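Work through the exercises below with the sequence and the model open. Each task is followed by a solution in steps.

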Amino acid sequence: MPTGATGMGDPDEVVKGSAADTALAATANGAAPTGPDAAGAVILDVRGVDFGYSQVQVLFDVSLRVAPGEVLALLGTNGAGKSTLLRVISGLGRPSRGRVVFRGRDITDVAPEARVTLGIVQVAGGRGVFPSLPVRDNLIAGGFLLRHDQRELRRRIDEVLSLFPVLAQRIGQPAATLSGGERQMLALAMGLLLDPSVLLLDELSLGLAPVVVAELMAVVAGLKGRGVTMIVVEQSVNVALSMADRAIFLEKGEVRFEGRADDLLERDDLVRAVFLGQNGN
Ligand SMILES: Nc1ncnc2c1ncn2[C@@H]1O[C@H](COP(=O)(O)OP(=O)(O)OP(=O)(O)O)[C@@H](O)[C@H]1O
Ligand SMILES: [Mg+2]
């Protein structure tokens, strides 16, 4: 959870080639579809990324492209590198090879806080809230980028509270007293305050009762309706695919499948790998 904004400068490097060129380029594995919409627009373009922690490489030549307004499910077995890939996109991890391009600009070297300013927001899940602080103060902390415009901050807080009425009821309670689902809602609300154009959601439904998952999914559907682009990592293939237009399947840090969400369901081998991985835990 970022608590301060530094290095807010805009990236100025413009990547060679238009978004349409990007859309027409072949994918890493040559598989169609590639994600860009009919007009060929690409909002986020991850190109040939390698990433490792210390000496251990965990992402291998990972590429993906997301069209504006698209919801991409990022699936894979435990430890496949899903969270790591989100970190590379949000700037918390710097790839040793490859580029991250946002709206045609190379942002590989742009600090995470500056990426938030550009509209790339990662929701850290229930772990991203401050347990000892009341809901209200969590929201104020989440809206750190708006701290110089209190009126706008209050307006946005009211807006997100209207999405999550239960948080409005709990506004003075410490986050520690919230249920797991309410904590996830608070984390999501904190992310939404920043008015993201690309939202990265890491296991929003983890450990939640189906009724709460349904509530969160309704919010996600509403965001999609408003044109927010999303990458969703989910343990539950069904939850992910019910939200997503397209899916990427990662295995051991490599893209094994990229295509329409419906088509992934036909790939028994991959879907089973996720279920087996879960059951094995
Ligand atoms: N901070 C870290 N330092 C060292 N290794 C890490 C770190 N974070 C993750 N790893 C390792 O990198 C690999 C990919 O981890 P990552 O968390 O990205 O996988 P994941 O697909 O999100 O898994 P999960 O489904 O369990 O959340 C794993 O082998 C993991 O052990
Ligand atoms: Mg993970």
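**Exercise 1. Sort the residues of the shell around ligand 1 by class.**

Step 1. The shell consists of Tyr53, Val58, Gly76, Asn78, Gly79, Ala80, Gly81, Lys82, Ser83 and Thr84; a residue is near a molecule if its C-beta atom, placed from the backbone, lies within 6 Å of it.
Step 2. Ala, Val, Leu, Ile, Met, Phe, Trp, Tyr, Cys and Pro count as nonpolar, Asp, Glu, Lys and Arg as charged, and the others, Gly among them, as polar.
Step 3. Helix H2 (residues 82-90) supplies the largest share of the shell, three residues. Helices (H or I, at least four residues) and strands (E, at least two) are DSSP runs, numbered from the N terminus.

This is a predicted model: local features need pLDDT of at least 70, side-chain atom pairs count only at pLDDT 80 or more, and totals for chains, interfaces and linings use all residues. Residues are numbered from 1 along each chain as its sequence is written, while chains are lettered from A and ligands numbered from 1 in the order in which they are written.

**Exercise 2. Find the strand order of the open sheet of six strands, and its edges.**

Step 1. The order is S6-S7-S8-S3-S9-S10, with mixed pairing; two strands pair if DSSP finds at least two bridges between them.
Step 2. S6 and strand S10 (254-260) each have a single partner strand, so one side of each is left without a neighbour in the sheet.
Step 3. S6 and strand S7 (residues 198-202) run parallel and are joined by four bridges. Val121 has Leu199 as its bridge partner in S7, and Val123 stands opposite Leu201.

**Exercise 3. Decide whether Ile120, Gln122, Val121 and Val123 of S6 are buried or exposed.**

Step 1. Buried means 20 or more other C-beta atoms within 10 Å of the residue's own, exposed 12 or fewer, and partly exposed in between, with C-beta atoms placed from the backbone.
Step 2. Ile120 and Gln122 on one side of S6, and Val121 and Val123 on the other, are all buried.

**Exercise 4. Place Gly128 in the chain and classify its burial.**

Step 1. Gly128 lies in the loop between strand S6 (120-123) and helix H4 (135-142).
Step 2. Gly128 is buried because 21 other C-beta atoms lie within 10 Å.
Step 3. Arg183 is 55 residues from Gly128 in sequence, and their C-alpha atoms are 8.8 Å apart.
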